[in-house]
Amino acid sequence: MTPIAFDTSHLLAGGLVLVSFAMIYQNRLQALLRTFALHAVVLSAAVAWQAFTQSAEQLYLTAAIALVFKAIIIPAALRRIVQRLGIHREVEQVVGTGLTMLAGMGLVALSIVVMLDVTAKAGAFAREDLAFALSVVLLGLLMMVTRRNAVSQVVGFMSLENGLILAAAGARGMPLVVEISVAFSILIAFIVIGIFLFRIRERFDTVDLHALDSFRGERR
Amino acid sequence: MIDVAAGAALFCLLLSALAVARRGRASLSATLYTLTILPCLAQAAAGLAILGGAAGGQMVLPIGLPWLGAHLRLDALSAFFLVIIGTGGAAISLFAVGYGRHEEEPGRVLPFYPAFLGAMTLVVLADDAFTFLVAWEVMSLLSWALVMAHHRRDEVRSAGYLYLLMAALGTMALIVAFGLLAGADGSFAFSEIRAASRPVGVTALAAGLVLIGAGSKAGIAPLHLWLPEAHPAAPSHVSALMSGVMTKVAVYAVLRVVFDLLGPLPWWASPALILLGAGTAVLGIFNAAMADDMKKILAYSTIENIGVIFAALGLAQAFLAEGMRAAAALALSAALFHAFNHMAFKSLLFMGAGAVLTATGRRDLDGLGGLIRRMPVTAFLTLVAVTAISALPPLNGFASEWMVFQSLLASPRLPHLGLEMVIPAAGGLLALAAALAAAAFVRFYGVAFLGRARSDAAARALEVDRAMLAGMGVLAALCVLVGLVPALVLDRLSPVVTALTGTHLPVQGDQPWLTLVPVAAARSTYNPLLVFAFIAVTASLAAWGAVRMGSRVVRRGPAWDCGYPEPSVTTQYGAGSLAQPLRRVLGPVLLQSREEVEMPAPGDMAPARHRVVQGDPIRDTLYLPVVRAVLWAATLIDRLQFLTIRRYLAMVMATLVSLLLVLSLWG
Amino acid sequence: MNNLAVDLVLAVPALAAGGLALLPGYRLTAALNVLASLVTFAAAVALVLLPRPAPGNYLMVDDLNVVFVVLNCFVGLTAALFSAGYIGHEIETGRLTPVYVRFYHAMYQLMMFGMNLALVSNNIGLMWVAIELATLTTVLMVGIYRTHEALEAAWKYFILGSVGIALALFGTILVYVTAQPVVGEGMPSMVWTRLIAAAPGFDPAPLNLAFVFLLLGYGTKVGLVPLHAWLPDAHAEGPTPISAVLSGLLLNVALYAVLRFKMLMAAQPAALAPGPLMIGLGLLSVIFAGLMLYRRRDMKRFFAYSSIEHMGIITFAFGIGGPLANFAGLLHMAMHSLTKSAIFFGVGHVAQIKGTQRFDRIGGLTQSHPVIGWGLALGILAIAGMPPFGVFLSEFLVVTSSFARAPALALILAFGLLLAFGALLMRLNTLAFGEPVGPQDPVRAAPVALYLHMALVLLAGIALPGPMVHWFQTVARALG
Amino acid sequence: MIAAFAIQGIQMLLVLALAPGLVGLVRKVKARAMRRRGASVLQPYRDLRRLMRKEVVLADTASWLFTATPFLVFAATWVAASLVPTFATGLQFSWTADLIAIVALLGSGRFFLALAGMDVGTSFGGLGASREVMFASMAEPAMLLTVFALSLVAGSTQLSTVVEVLHGPPGVGLRVSLGMALVALIIVAIVENGRIPADNPATHLELTMVHEAMVLEYSGRHLAMIELAGAMKLLLYVSLIACLFVPWGIARAGDGPGALVIGVATYLAKIAVGGVALALFEASIAKMRVFRVPDYLGIALMLGLLGTLLLFVSGTL
C-alpha cells in the first residue's frame, strides 16, 4: 500500500471518528441527523477509497449503499418522524456533553491501545483501520447510552453499524457476502425500527424511552 | 440374590405404574398394598440369606451414566439394610392395607408408595455414584410427593418445601463429595473409588460432605429442621416408612461411603461425629418431650435415635483410626443393631399414631386420652413400642442402647486427649437422652392412651381393623423377640461388621442361655431372656400370692384424688402441664423458652394470662439469617428488572469496556 | 455439498414461510405450519440416517450440529403442534386477529429457517446472517400482541439484540482479519472447517479480542448476565409458543455459535483460554438469575429467568472444559431445550385457562387440572435438576467434573443451583398444590407435546442413546 | 451348684425380708431424732399385712395397666435388688444383668409407675408423674455416669466383678473419682427414693409431693406391692453403696459357710448404719422446692461427669 493510499484511508477513518465526536456533541435532533448524514458520507468515502486501493469493485456497491441509504434516505425519514412527532426540543442527555466527550476520548484511547496491542503482527493499515472502527463502534454505543430519546438512540446505533462497515471494508478481501448482508440487515433493521416507531407513535405521545419504560410487566 | 433384590425393586416400580394406570378404582388401595408386601418379603428374605452366608453378586445394567452403566451389587452391608427395608416395608404395607382405606387422597399416595420402597432398595443396591445419587434423590422426591399428599393444608406445603429444599442441599453435598472422590476423569464406580488412594484432607472433606448429605436426610442437628415438619405431614404409614426406614437408608449412605469407600478417617474427625450424634440425641428428645403433636413427638424422637446411631458410628471411627478393631466392631454392631431396632419400634409407633388418627381424627395430645379402654389392642401394641423406645429391659431398645454404652466404656484406651474429653461428655449426653426419652414417652403414652378422654372424638374412638393391627402386631412381636434374643441378631450382623472393620464380635449364639457377651463374661453380660423370665415369674408369683394370701375383693368407685375429685376432664394433666417441669429445667437453654405472666391491674376485669414463649436457637441463628440474606439480596437486585433500555445498554457497554480493559492490561 | 436432507431442512421452512404469508385462514395455516414442521423434522431425521456430505463453503453437517438440528426441528414440530391449539384460543378470545396469525405462521417458519441455517452453516458470515434473521423474526413475534408491554419487550429485545449482533459482527470481522494471512483472502477465511484446520497458525492475540466480541455478541442472544435484559420480557410478553421456541431453541443456537468459536480457540493452544471468561459470565448468570427468581410474580418471566440460569450453567460447564464438563454442557443444552419448552407448553395451557400469568392468581393445578398440573410439576422438578430426568445427569456431571478442577467455583455453582431450586420449588408449591385458585374450566387441548418432551427427558436421564453419547463425546474432545 | 442356687435364693429372700425393716428403722431413728417416740421398727411389716388384707378400691377410669403395674414394679425392683451383692459376690445369676441393666430395671419400674399415675386421669397423678420423670431424667444420667466411673475403675460393668476389684486384693486405693462417684450416688439415691430434701415420703395433701402423688389412687394389695417395692429400692441403694464403697466383709464366690456368716453379719451392720445415717440426714434438713431439685441433681451429674472425665484423662488404667 502506497503511503498516499495509506494516508488517505487513515485520514478518512480518522474523520469518521471525528464526526462521531461531533454527533456526541450535538444536542439538537435536527443537527444530529445532519451530522449523521455527514458520518455516512465520510464512511462512504472511506469505503470507496478502500475499494479503490484494494481494487475490490464490490466495495463500491457498499459505498453506494452507505451513501444512498444512510446519508440520504434514513436521515430524511428520521427527520420526517421527528417533525411528525413534533420533537424539536433539545435532546435530553443523561450526562453533560463535556463529560460524554471525555468518556469518548477514553474509549478511543482504549480502542487504540487494545487494537495496536492485539494486532501487532497485522499490517499497519489493518491495525489503524480496526482501531478507528472500534472507536466508532464504542462511540456509537456511548451515544446510545447517553441519550434518552429513541431517535437519537437509533442514530447512535446506525453510527455503530457504520463503524462495523468501516472495519469490514478495511479487512482485505473480505467476501462480498458480508457487505451485502450488512447492508441488508441494516435495511431490515431500519424497516423494523420504522415499524416500531410507527407503532409506538400509535400508542404513545412520545418516542422518549423514558415513557416507555414506565410500563413494566411486573410493576403494580 | 442380587436378581431377587433388583427384581423386588423393579416390581415396586411396576406397582407404581399399575397404580397410575388404575387410578381412581376403589379396590386399588387394598390390592396395591397387599401386592407391595411381596417384594418386601422377598428382599428381606434375600438379605437374611446373605447375612446367613449366601453369595451376593453384582450386575451392570445398560442405563444410567452412558459410559459406565448402572452398577448394582449386593454385599453384607446392603443385605442388612435390605432386611431393614424389607421388614419395615412389609409390616407397614400390611398396616396400610387397612389404613389406606381411610386415606382422603389415595390418588396422591398410591402411585408413589411402592416406588418409594423400590427407590430405597435401589439406594442400598447401587454400586456406582451416579446410580446411587439417582436412587437417593428419587427416594427424596417420592417421599416428598407422599408428604405433599394432603397438600391443601398450608403446613403440609411448607413442610414439603422445607423438606425438598433440604433434600436438595443434601444431594448437592453428596454430588460434590462424589465429585471430590471420583476425580477429574470421573471414576464413579464404587470399586474405583474404593481402590483409589487420596490425601487425608480429601478423605476428611469428603466424609464431612457425606455427613451433610446423609445427615440432612437422617436428621442430624443442625440439619434436622425439616424432619419434625415433614415426617408428621405425610400419611401415617408413609411417616412410618420415612422415620423408620428412610433414615436408615441415610445411615447406610454414611456406612457405605465413609466406612466402606473412604476407609478409616483421621482420629480427629471422630470426636466431632460423636459429639454431633450425642448432641443431636439430646436436642431431639428434648423437643420430643415438649411437642404436643403425636407424630411430631415421634419425629423428634427419630432425631434422637439417629443421634445415638451416629454417636456409635463416631465411636467406631475413633476405634478404627487407632486400629482397635474389636472395639470398633462393638460400636458398629451397636449402631447397626440400634438402627434395626429403631426401624421396628418407630414404625410401630407411627402406625399406632396412625391408628389413633384413624379412630379419632386427631393427633394433638390434648384432644386424646383414655384410648387404652376404647382401643385396647392398639394401646397394648403401642405400649410395647413405647417401652422399647424408652430403652427399658427386656425389650430391644434397651439391648442396643446397652451395647452403645458398652462401646463407650471400651474407649479409655484411646490415646488422644481430645477423644478422652469428648467421650465422657458424650456418654453423659447419651445417658441424658435415654432418660429424657423415657420422660417423653411417658408423656406421649400417658396423655394419648391413659387418663380420661379429652375430646368427644377420643371418647367415641373404636378399635381399628385387623390389617392395621396385624401390621403393628408383627413389629411388636419383633420388638419383643429381638429384645429377648439379641444374641441371634448380633450374630447375623457379623458379616457386615467384618466387612467394615475386619473383625466381629465373639459369636453370641454359643453362650449359655443366649447371654449377650460383647467382650468378655467378666466385663459385661446381659441376658434379657432371664430378666424377662424373672420378672414374669416374680410378677405372677406376687400377683398370685397377693390374691391368695390377702384379699381378692375389688371395688370400683370414683377416683380418690386426695379427696377433691373434679369431674371435668380438663383437670387432669395434659400435654402442656406434663412438659412444664422439664421445660423449666432445660427449656431456657435448649429452646430459649420463657414463661410470661400477664397480670391485670387490680380492678381490671381482663383475665390474667400465662404464656410460654419458645424459639428454636438453631432455626434463629442458622437458618433465618440465610433466608433473610437471600431475600434481601433478591430484593436488592430486583431493581435490575425495572431499568430503562438505556441503562441496560450501559450494562452491556460496561461489560464490553471492562473486558477490553482487562484484555489490554493483560495482553 | 449436495445432500437432499440438508436442502430440505432449509428449503421447507423457507418455502413454507412464503406460502403461509399468502394463505388465509388460521386453521389451514396452522395445519400447514404443523405439516411443514413435520416435513422438516423428517428431513432432520434423514440427516442423521443418511451418510454425511463433505463440508462445503456454506453448509456442513458434523457431530455437533446434527443433534441440534434434530432437536431444533423436533421442538419446532411440537411447538407448532402446541401453537395450533394455542393460536386457536387466542383468536377466540380476540387477542389476535387472523391477519396477524397469517403473519405469525410465516414468521414462525422463517425463524425455523434462520435457526436451521445457523446450525448447518459452515461459514461464520452466513451463521451471523442466519442468527440475525432468526432474531429479527422473533422480535416481530414478541411484539405481535401490540400491547404496551409487548411492544416495549420487543423494542428492548430489538435494541439490545441489535447491539449484540453488531458486536458479534465485529468479532467475525476480527476472526477474518486474523485468518486472512494464514488461510488467504476471500471466502476460505470464513469457512469454519478451514479455519479450524488452520487455527494453530493464527496469531493468538487478535483471536482473543475476537472471542471477547463474539462471546459478548452472541452471549447477548444467549442471555448471559449482564447482557440478558431483553430475555425475560421477550419471553413474558410474546405468545407462549414463541417463548418456548426462544428458550428452547434460539438460546441454544446462539450458544452453538459461541461453541463453534470456542472450538476455534481450543484449536490454537497459544490463544487465551476462554474458560475464565465463560466461567465468570456463567456463574454471574446462575447467581443473578437464581436471586431474581424469588421476586418474580409473572409465570413466564419467572421461567425466562430460569432459562438464564441454565444458560449460565451451560456456559460455566464449557468454561470449565474437559471431556466430562463439555459433555455435560452439550447434554444440558439438549435437556434444557426439551424441558423448558415443555414447561412453556404447560404454562401456555395454564395461562389460557386462568386468563393470567400471575402466580398469585393461579394455584392448586394438580387438584383442578391433574393432567396439565402434574405435567407442569414434572417439568419444574425436571428443570430444577431432579432425577430421574436428564437435567440431573448433566448437572451431576457439571458439578462433579468442575469440583475436581476448581472446587471453589463448583461450590458457587452448587450454591446457585440451590438458590434457583428454592425459588422453583416455592412457586411449584403454590402453582401445583394447595386449594385451586382462579377459573377451573377444563383444558381444551391435550398436553401431548408436554408429555412427549418429558418422556424424552426421562428417557435421556435413564439411558442416553448410544449415538448421541458418541457424538457428544467427539465434540466434547474438540471443545478442549 | 446347689449351694450357689441356695445363696442366690437366700439373697433374694433376704432383701425381700429386710426391706420393710430398713424403712421401719429409718422411721424410728428419725422419730427419735425429732424427740418423738415413733412407731415400732416392725410397723412397716404390719402395714403391709394390713394392706394385703384390705379390699382394693379401683377408680372407675382405671385400666388394666393400673392393676398390672404394682406387680410389674415389684417384680422389676425385686429382680434388680436380688442382683446386687449383699453379703456375697458371684451370685448364681449375677451375669443376668450388669449395673447398667440394673439401673434400667429400676427405670422400668418408674416408667410404669408414672404411667399408672396418669391412668386414672386425676390432677395429682399427672402432677406426680410429671415431676417424677423430671427428676428421673436428671437422676438417671447422673447414676449412669457414676456407673461409668465405677466400671472404668474396675474395667467391668458386672457388679460382682466391680465389687471384687474394689474389694481387692490388690484393691484400687483411694481415688478422687470414687469419692465423687460416692457423693453422686448418694444424691441420686436420695432423690430416687423420694427422701428429704427431694421429696417427703411421709406427706400427703401437699402440692410438693412427688412419689406419693403418683400412687395416690392405689389401695389394698396394690399399694402393698408398691410400698414393698419402694422399700426394696431403698434397700437396694443402701446395699449398692455398701457393697461398692465399704466392701469389707463381703463373701466371695466359693467361700465357706464361715465367710458367708461374716458376710451376712457385716451386711446387716452396714445397712443399719446406712439407715441411721439416712434418718439423721433427713431429720436435719428441710425439704427443698421442687425446682431446686434439678440443681441438686445437677451437682450429682457434674460429679459423675467429672469423675468419669478424670478417669479418662488420668490414663493410669
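How many residues does the contact take from chain C and from chain B? The contact takes 50 residues from chain C and 47 residues from chain B, two residues being in contact if their C-beta atoms, placed from the backbone, lie within 7 Å. The structure is a predicted model, in which local features need pLDDT of at least 70, side-chain atom pairs count only at pLDDT 80 or more, and totals for chains, interfaces and linings use all residues. Residues are numbered from 1 along each chain as its sequence is written, while chains are lettered from A and ligands numbered from 1 in the order in which they are written.

**View 1. The side of chain C that touches chain B.**
The elements of chain C that each supply at least two residues to this side are α6 (148–183), α8 (204–222), α11 (275–292), α13 (322–354), α16 (390–405) and α17 (407–432). Helices (H or I, at least four residues) and strands (E, at least two) are DSSP runs, numbered from the N terminus. With 10 residues, α17(C) gives the most. By type, the side of chain C that touches chain B has 38 nonpolar, 8 polar and 4 charged residues. Here Ala, Val, Leu, Ile, Met, Phe, Trp, Tyr, Cys and Pro count as nonpolar, Asp, Glu, Lys and Arg as charged, and the others, Gly among them, as polar.

**View 2. The two domains of chain C.**
Chain C is divided into domain 1 (1–159 + 226–261) and domain 2 (274–480), with bounds that come from an automatic or database domain assignment. Their centres, taken over C-alpha atoms, are 21 Å apart. Domain 1 of chain C puts 29 residues into the contact and domain 2 of chain C puts in 33 residues. On the domain 1 side, α3 (63–93), α9 (230–237) and α10 (240–267) of chain C give two or more residues each. The most come from α3(C), with 13 residues. This side of domain 1 has 18 nonpolar, 10 polar and 1 charged residues.

**View 3. Chain D against chain B.**
In this contact, 77 residues of chain D meet 73 residues of chain B. On the side of chain D that touches chain B, the elements with at least two residues include α2 (43–53), β1 (56–59) and α5 (123–154). The most come from α5(D), with 18 residues. This side of chain D divides into 47 nonpolar, 20 polar and 10 charged residues. Strand β3 (residues 554–557) of chain B runs parallel to β1(D), joined to it by 4 bridges; two strands pair if DSSP finds at least two bridges between them. Opposite B:Arg556 stands D:Leu58 in β1(D).

**View 4. Helix α2 of chain B.**
Helix α2 (residues 28–51) of chain B has 24 residues and reaches 35 Å from its first C-alpha to its last, close to the 34 Å expected at 1.5 Å a residue (1.5 Å times one less than the number of residues). Its buried residues include B:Ser29, B:Tyr33, B:Pro39 and B:Leu51; a residue is buried if 20 or more other C-beta atoms lie within 10 Å of its own, with C-beta atoms placed from the backbone. Among the elements of chain B that the buried residues of α2(B) pack against are α1 (2–21) and β2 (70–74). Just after α2(B), B:Gly53 has a positive phi of about 120 degrees.

**View 5. The fold of chain D.**
Chain D has 11 helices and 1 strand. Its C-alpha trace spans about 60 × 45 × 45 Å along its principal axes. Of the 317 residues in chain D, 62% are buried.

Key
A residue is buried if 20 or more other C-beta atoms lie within 10 Å of its own, exposed if 12 or fewer, and partly exposed in between; C-beta atoms are placed from the backbone.
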